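Here is a briefing on how the parts of one structure are arranged. Please keep the sequence and the 3D view open while reading.

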Protein chains: 2
Amino acid sequence: MKQRMPVVENILSANDRLAEENRLRLDGAAVYGVNLMASPGAGKTSLIEHTIRNLSGQISLAVVDGDIATSIDADRAAAAGAEAVQINTGGECHLDAVMLQGALNQLDLTRYDLLLVENVGNLVCPASFKLGTHQNVLIASIPEGDDKPYKYPTMYRGVDALVINKIDLLPYIDFDMEYFQRGVEVLNPGLTTFPISCRTGEGLDSWLHWLQGQAAKNKSAQNT
Amino acid sequence: MKQRMPVVENILSANDRLAEENRLRLDGAAVYGVNLMASPGAGKTSLIEHTIRNLSGQISLAVVDGDIATSIDADRAAAAGAEAVQINTGGECHLDAVMLQGALNQLDLTRYDLLLVENVGNLVCPASFKLGTHQNVLIASIPEGDDKPYKYPTMYRGVDALVINKIDLLPYIDFDMEYFQRGVEVLNPGLTTFPISCRTGEGLDSWLHWLQGQAAKNKSAQNT
């Protein structure tokens, strides 16, 4: 369907301009923005809940939740103690910069150090749309299988950090970690990686420490 | 992004026409077509492997595998003993009718009773594109979580049967089957459902029996 390309390109460049505006707004308020992407059910919302619960008191955090339908995720983030804005994409398979712009309008950014954006569960489309966040983080999960870097290269290539969730299920699943990590290494050499289990809490400390460090570094860079 | 709508509508209606042509070709050869959709890693390829191995000798079967990149899935289907055609979508997040048309051109349809089409791993976009198959089957999996019907209603609403894979993981995961099935029932009342485990083989017999019955019914309807 080649005839779609010019339209798609125009949409993407309009999106990029808006993403830059979003970034300027975040930087103006010294808010560190993280775009969390994953397959449906990899554990984005669980990771956000743990992050809110563990960092509350140390860091001021807001959440933007993108979903096709329902406010289940924003409700969970709010219950965990964060300001949360739900975006229902109404069928769209990804967030884009204009949707994030709408969500930013609903937040008093001066109140936060960190903004976690939960994208729609999808390993394809979100990779093509910049939002204006500082980092793209992919959450993989053990039950998805060890071949995912090979099958979704654009997503794995484009992220700044990788969380590997549900490592508590490794004993019950055929998952070759070496094969998985070899695929990641080819696409994204030296990628910062956090093997974790939201269920048992294993590995969460490293993730929280890294995230807090990134937000603190951003804050001090913006304030100088 | 309202300005996209007319373009999208034109693409969808062109797709629908091609899907009808694909259906006519399948019907002309008395081939029963099944479109398998799922999240990345829910077990589409594993289910196809089991289906090939169990039905070989009883039914003549071909596979079309859709993926962003690689031929991992078609290789696995071929190793299991079926004729397999790989479609690499080159970044597209779903199969469409024109891609299936290309794949059908590579198969001698008169040789088969059943065609299994493995869509791209994605719970959003494949739901919008008819291929021309007779049935749409969704493969859910336990680790994805029990809230998926609520969060991906278009997909759950549009399918003719549901496979729930990885039930062997139920003891290790918080998954409320009643909550899950209540969500399914609201969207798709009375949906034919097969709880299975590709790992242990549990429940596979019902799926195989149903699939074989559908293909046989189609064959006899086309031949009368």
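The points below cover the relation of the chains, the sheets and the helix packing.

This is a predicted model. Chain B can be laid on chain A by a turn of 180° with a shift of 0.0 Å along the axis, and the RMSD is then 0.0 Å. That is the relation of a two-fold axis. Both copies use the same surface, since 100% of the contact residues of chain B recur in chain A.

**Sheet of chain A**

- Chain A has an open sheet of seven strands in the order 3-2-4-1-5-6-7, and the pairing is parallel.
- The edges are strand 3 (83-88) and strand 7 (192-195) of chain A, each of which pairs on one side only.
- From one strand to the next, the twist averages 20°.
- Strand 1 (residues 32-38) of chain A runs parallel to strand 5 (residues 135-141) of chain A, and five bridges join them.
- Asn35(A) has Asn136(A), in strand 5 of chain A, as its bridge partner.
- Helix 7 (residues 177-187) of chain A packs on this sheet and touches strand 5, strand 6 (161-165) and strand 7 of chain A. The direction of helix 7 of chain A makes about 160° with that of strand 6 of chain A.
- Helix 8 of chain A lies across strand 1, strand 4 (114-118), strand 5, strand 6 and strand 7 of chain A. Relative to strand 1 of chain A, helix 8 of chain A runs at about 145°.

**Sheet of chain B**

- In chain B, seven strands form an open sheet with parallel pairing, in the order 3-2-4-1-5-6-7.
- Strand 3 (83-88) and strand 7 (192-195) of chain B stand at the edges with a single partner strand each, so one side of each has no neighbour in the sheet.
- The twist in this sheet averages 20° from one strand to the next.
- Strand 5 (residues 135-141) and strand 6 (residues 161-165) of chain B run parallel and are joined by five bridges.
- Ala140(B) stands opposite Ile164(B), which is in strand 6 of chain B.
- Helix 4 (residues 97-104) of chain B lies across strand 2 (61-67), strand 3 and strand 4 (114-118) of chain B, and runs at about 140° to strand 3 of chain B.
- Helix 7 (residues 177-187) of chain B lies across strand 5, strand 6 and strand 7 of chain B, running at about 160° to strand 6 of chain B.

- In chain A, helix 2 (residues 44-55) packs against helix 8 (residues 204-223) at an angle of about 70°, and their axes are 11 Å apart. Helix 2 and helix 8 of chain A are therefore roughly perpendicular to each other.
- Helix 2 and helix 8 of chain A make a right-handed crossing.
- On the helix 2 side of chain A, the contact involves Leu47(A), His50(A), Thr51(A), Asn54(A) and Leu55(A). These meet Leu204(A), Trp207(A), Leu208(A), Leu211(A) and Gln212(A) in helix 8 of chain A.
- The residues of this contact in chain A are six nonpolar, four polar and no charged.
- In chain B, helix 2 (residues 44-55) and helix 8 (residues 204-223) pack at about 70° with axes 11 Å apart, and the crossing is right-handed.
- Among the residues making that contact in chain B are His50(B) of helix 2 and Trp207(B) of helix 8.

**Helix 2 against helix 3 in chain B**

- Helix 2 and helix 3 (residues 72-80) of chain B pack at an angle of about 20°, with their axes 9 Å apart. An angle under 35 degrees counts as roughly parallel, and helix 2 and helix 3 of chain B are therefore roughly parallel to each other.
- Their crossing is right-handed.
- Helix 2 of chain B contributes Thr45(B), Ser46(B), Ile48(B), Glu49(B), Ile52(B) and Arg53(B) to the contact, and helix 3 of chain B contributes Asp73(B), Arg76(B), Ala77(B), Ala79(B) and Ala80(B).
- By class, this contact has five nonpolar, two polar and four charged residues.

**Leu18(B)**

- Leu18(B) is in helix 1 (residues 5-28) of chain B.
- Apart from its neighbours within four places in sequence, Leu18(B) is in contact with Ala97(B), Val98(B) and Gln101(B).
- Leu18(B) and Arg53(B) are 35 residues apart in sequence and 31 Å apart in space, C-alpha to C-alpha.

Key. Residues numbered from 1 in each chain as written. Chains lettered and ligands numbered in written order. Predicted model: local features only at pLDDT ≥ 70, side-chain atom pairs only at ≥ 80, totals over all residues. Heavy atoms only, no water. Axes fitted to C-alpha atoms, helices over the stretch in contact; angles between N-to-C directions. Helix = DSSP H or I, 4+ residues; strand = E, 2+ residues; numbered from the N terminus. Parallel < 35°, antiparallel > 145°, perpendicular 65-115°, else oblique. Left-handed = near helix turned anticlockwise from the far one by under 90°. Contact = heavy atoms within 4.5 Å. Nonpolar A, V, L, I, M, F, W, Y, C, P; charged D, E, K, R; others polar. Least-squares fit on C-alpha atoms with pLDDT ≥ 70 in both. Pairing = 2+ DSSP bridges.
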